Amino acid sequence: MQCDLCGAKTENLFRAIVEGTELNICKDCAKYGKIIEKKPVKVIEEKKEYVRKPAEPEKEIIQVIVPDFAQRIRNKRESFKLKQKEFAKKISEKESLIHNLETGSFKPSISLARKLEKFLKIKLIEEYEEEHEQSSETKPEGFTIGDLIKVKK
Ligand SMILES: [Zn+2]
């Protein structure tokens, strides 16, 4: 970095106002102006920010089938006044599959859940971002605050 006043090359520049203009000046020139920031201006700080950015999208989107999917499917299907057989036909699936879904004995895959969501206009998939710092909202079952603190370490 260079001093805006004398052109001296130095790592330690100070942000200062010299005759009404904000400049980065060296220690020697500081006496000519009024220093705004006593901390030396560092280029390294900008670099850090640049490095941090690509690391951010590392969040993982986790998709989970809601635990009460069976009930949600059944309730909505019944509200459409559709029999399991009719409903199965509409979404080109087997009646037995609908039966198993509604009894909870079969957990739908994400793609099947998407199909059901679309047709029934219900929510069967919950999405959340997997991060190291988990919010209490997305904490898995049985996870206590104490566990979270331990994990953080
Ligand atoms: Zn200078």
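Let me start at the metal. The zinc ion is coordinated by the SG atoms of Cys3, Cys6, Cys26 and Cys29, at 2.2 to 2.4 Å. Donors here are N, O and S atoms within 2.8 Å of the metal (3.2 Å for Na, K and Ca); water is not among the atoms, so sites may look incomplete. The angles among the four donor atoms run from 106 to 112°, and the site is tetrahedral, a label that requires all angles between four donors to lie between 85 and 135 degrees. Along the chain, the donors follow the spacing C-x2-C-x19-C-x2-C. Cysteine 3 sits in the segment before strand E1 (13-18) and cysteine 26 in the loop between strand E2 (21-25) and strand E3 (34-41), so this pair ties together parts that are 23 residues apart in sequence.

Two remarks on the basis of all this. This is a predicted model, in which local features need pLDDT of at least 70 and side-chain atom pairs count only at pLDDT 80 or more, while totals for chains, interfaces and linings use all residues. Residues are numbered from 1 along each chain as its sequence is written, and side-chain values use heavy atoms, with hydrogens and water left out.

Cysteine 3 and cysteine 26 are both buried; buried means under 20% relative accessible area, exposed over 50%, and partly exposed in between, with a 1.4 Å probe and protein chains only.

I turn now to the helices. Helices (H or I, at least four residues) and strands (E, at least two) are DSSP runs, numbered from the N terminus. In helix H4, residues 95-102, the buried residues are Leu97, Ile98, Leu101 and Glu102. Seen down the axis of H4, they fall within an arc of 125°, so they line one face of the helix; the arc is that of the directions from the helix axis to the C-beta atoms. They pack against helix H2 (69-79), helix H3 (84-90) and helix H5 (110-120), where contact means heavy atoms within 4.5 Å. Glycine 104, which follows H4, has a positive phi near 80°.

H2 has its own buried residues: Phe69, Ala70, Ile73 and Arg77. Their arc around the axis is only 105°, which puts them on the same side of H2. Strand E4 (60-65), H3, H4 and H5 are among what covers them. Just after H2, lysine 81 takes a positive phi of about 55°.

What do these helices build together? The largest nonpolar core has 19 residues, and those with the most contacts inside it are Phe69, Ile73, Phe87, Leu101, Leu116 and Leu124. Such a core is a set of buried Ala, Val, Leu, Ile, Met, Phe, Trp, Tyr and Cys residues joined through side-chain atoms within 4.5 Å. H2, H3, H4 and H5 each supply at least two residues of this core, and H5 gives the most, with four. A second, separate core of nine residues includes Ala16, Ile25, Cys26 and Cys29.

Finally, the aromatic rings. Rings of Phe, Tyr and Trp (its six-membered ring) pair if their centres lie within 6.5 Å; planes under 30 degrees apart count as stacked, over 60 as edge-to-face and the rest as tilted. Phenylalanine 87 and phenylalanine 119 form a tilted pair, 5.5 Å centre to centre with 40° between the planes. The former lies in H3 and the latter in H5, so the pair ties together parts that are 32 residues apart in sequence. Phenylalanine 87 is buried, at 0% relative accessibility, whereas phenylalanine 119 is partly exposed at 27%. Phe80, Phe87 and Phe119 form one aromatic cluster.

Note on methods:
Tetrahedral: all angles 85-135°; square planar, octahedral: opposite > 155°, others 65-115°.
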